[in-house]
Amino acid sequence: MSAKFEISFAKSAKLNSGLAILLKTVEADAAAGAETADPAGVIAKAAKIARFSGKSMAALDIVAPEGAPVERIVVLGLGKAAELTAHDWLKAGGAAASKIKNTDRAAVFLDVPGVATDARAAADFALGMLLRAYSFDSYKTKKNDDEEKPTKSVKVTIVTADATGAKKAFSASEAIAGGVNLARDLVNEPPNALGPVEFAARAKELEMLGVEVEILTEKEMRRLGMGALLGVAQGSVRPPRLAVMQWKGGKGKDRPIAFIGKGVVFDTGGISIKPAAGMEDMKGDMGGAAAVTGLMHVLASRKAAVNAVGIIGLVENMPDGNAQRPGDIVTSMSGQTIEVINTDAEGRLVLCDALWYCNDRFKPQFMINLATLTGAIVVALGNVHAGLFSNDDQLSAQLTAAGLSTNEKLWRMPLGKDYDKLIDSKFADMKNTGGRQAGSITAAHFLKRFVQETPWAHLDIAGTAMGSPQDEINQSWGSGFGVRLLDELVRAHYES
């Protein structure tokens, strides 16, 4: 369960207990709100003793003296004013949230002398708080005695000069937090609780926000000729689903933008079974579908002025007696045939039919697919960047910029004919893996064969969607990577 912050904005605050959080840069002589929260002037002495100067994310925690208007004062460093970025405000919000303990109210003073704190910065700070507050403990029946018992609800007043503008901007921040935390929930859910049918039902819940949702069953997918996707699913007793989500916030005649997610709810590797060690992490092999679902939640919640389509292919890859075998040849919806060399290269089989279906039905401006697709991308980029592959330089540049803005960073990887020929097959139009060398690149080339001339990008998020390092805004195993990135892309370039 996530701690709940009831966030409001005000131009001033009258303190009468609780916690005061004051922001400070290295250059500023005093912290924001010091005259209100610290009339006795204890901060200067405490900072000298602790050698606190306001370095980025450093904190000075003080038990307020008798007669002070609050019980605790936390001074949070922002670093150098000239180097502050949007992501720094997000991080500061997360760091502040981590300091809110054993209280039911807190006041945060944002307006540091010498720093132009606008409404967007205040909203980003609040977003950081909401993202840091997330935790997934739904299945814990008790906590250890040494685990902190968080207050169920904390009233947080953020004090800033442009309180009205901040309140307005915060509505979008709440939408983003809702989408990111939805994606985190989906990735964190155990695989026995979240199969393809259950995941589709979670997507269906977006109808409450105005999203149009269709769920295609195995029967409908067979009629469409989705032999690649269905081949992956045939070893599981849990039937596959294809969820089609549409947000119609743009003009009626505007072509939609499209996002496609790999939703392998659990991946054993099939007949090409994975090693047992760490296989429990394969519940997160639907991180791409989670991100797409979270993004559609954001776009609908903030009433984005765009037409968007989200499609997620939902399957389970199991080693049953009816499972797909290495050497099988399947026919995709496109009519192209695929020799299955390795049943653990299954995500691309799911995505190829979903991509073709999306392109054929919706004729989108572009398609972006997200997938925890290859271990090779983790070897190449670790968990700092997701891999970016694209047939369109403009789309690639826009995605890269959005990644830098949100700190959900991408690194563009190469494509080329020499790589493409590695997936040619002796017996079919292509094979589903080109072997160990350039594994992420050949996987991208496989997908590229199903997008035709439509601008397209493939984001390999295997290293960033789950198990990535914890930081100021994420303490969860499932990170929700991709939701903020793609919302920023839409906001910056595609809203009418």
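A salt bridge here is a side-chain nitrogen of Lys or Arg within 4 Å of a carboxyl oxygen of Asp or Glu. Keep that in mind. Arg 120 and Glu 488 form one through their side chains, at 3.7 Å, N to O. Between domain 1 and domain 2, the count is one salt bridge.

Some ground rules. This is a predicted model, where local features need pLDDT of at least 70, side-chain atom pairs count only at pLDDT 80 or more, and totals for chains, interfaces and linings use all residues. Residues are numbered from 1 along each chain as its sequence is written, and side-chain values use heavy atoms, with hydrogens and water left out.

Now the layout. Domain 1 covers 3-137 + 152-158, and domain 2 covers 176-492. These bounds come from an automatic or database domain assignment. The two centres, taken over C-alpha atoms, are 39 Å apart. The contact (heavy atoms within 4.5 Å) takes 14 residues from domain 1 and 19 residues from domain 2.

How much area is buried between domain 1 and domain 2? About 1400 Å², with carbon and sulfur atoms giving 64%. Buried area is the accessible area (1.4 Å probe) that two parts lose on being put together, summed over both. On the domain 1 side, Leu 131, Tyr 134 and Phe 136 lose the most, together 45% of what that side buries.

Back to the salt bridge: Arg 120 pairs with Glu 488. Which helices each supply at least two residues of domain 1's touching side? α3 (86-98) and α4 (119-132). Helices are DSSP runs (H or I, at least four residues), numbered from the N terminus. The largest share, six residues, comes from α4.
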